[in-house]
Amino acid sequence: MRVEMPPITIRYRDTARQWQAWFGGNPCVAYSAESSMQAVHRLLDGLGTQAGELELHIDHSGCNTIMTATWQPPNLNLLCEHCNGTGEYVGLFHRETCARCAGKGFVAV
Ligand SMILES: [Zn+2]
């Protein structure tokens, strides 16, 4: 069953020198870690989130990046940006398996 989840906001806190992650607009329930993906992992784990697709809104010094990820406890997988999740790298003359994700279309973090 696929569950719709609110996007996860991930923000770097200069004062704490840590990344924080929370669901939607509710920073009251935030999890911190030294790396952004670690913070997301702790959030999902801590809240016992069910498997599903996630949208990550990463805010680093006012620069926003949106990424797609899949949560398959206990693994957090990011859509491979190199091949855009297709698992193939389309070259000028031929197609080949994407080297970054080994054809899986996602990379584990
Ligand atoms: Zn790839």
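Visitor: What share of the 109 residues in the protein is buried, and what makes a residue count as buried?
Guide: Buried residues make up 21% of the 109. This is a predicted model. A residue counts as buried because 20 or more other C-beta atoms lie within 10 Å of its own.

Visitor: What makes the largest nonpolar core a core?
Guide: It has 14 residues. They are called a core because they are buried nonpolar residues joined through C-beta atoms within 7 Å. Those with the most contacts inside it are Ile8, Ile10, Ala21, Ala39, Val40, Leu43 and Leu56.

Visitor: Which elements supply at least two residues each of this core?
Guide: Strand E1 (8–13), strand E2 (18–23), helix H1 (36–46), strand E4 (52–60) and E5 do. H1 gives the most, with four residues. As a general point, nonpolar side chains tend to be buried together in soluble globular proteins.

Visitor: What is the order of the elements along the protein?
Guide: From the N terminus on, they run β-β-β-α-β-β-β-β-β-β. That is one helix and nine strands.

Visitor: Why are E5 and E6 called paired?
Guide: Pairing takes at least two bridges. Strand E5 (residues 63–72) and strand E6 (residues 75–79) have four bridges, so they pair. The sense is antiparallel. One of the bridges sets threonine 70 against asparagine 77 in E6. A hairpin of two residues joins E5 to E6.

Visitor: How do you know that E6 also pairs with E9?
Guide: Three bridges join E6 to strand E9 (residues 106–108). At least two are needed, so E6 and E9 pair. They run antiparallel. Leucine 78 has valine 107 in E9 as its bridge partner.

Visitor: Where do the domain bounds fall?
Guide: The domain assignment gives domain 1 (1–73) and domain 2 (77–109). Their C-alpha centres lie 24 Å apart.

Visitor: How many residues of domain 1 are in contact with domain 2, and what makes them count?
Guide: Six residues of domain 1 are in contact with five of domain 2. They count because their C-beta atoms lie within 7 Å of a partner's. On the domain 1 side, E5 gives the most, with five residues. That side divides into three nonpolar, three polar and no charged residues.

Note on methods. Residues numbered from 1 in each chain as written. Predicted model: local features only at pLDDT ≥ 70, side-chain atom pairs only at ≥ 80, totals over all residues. Buried ≥ 20, exposed ≤ 12 C-beta atoms within 10 Å, placed from the backbone. Domains from an automatic or database assignment. Contact = placed C-beta atoms within 7 Å. Nonpolar A, V, L, I, M, F, W, Y, C, P; charged D, E, K, R; others polar.
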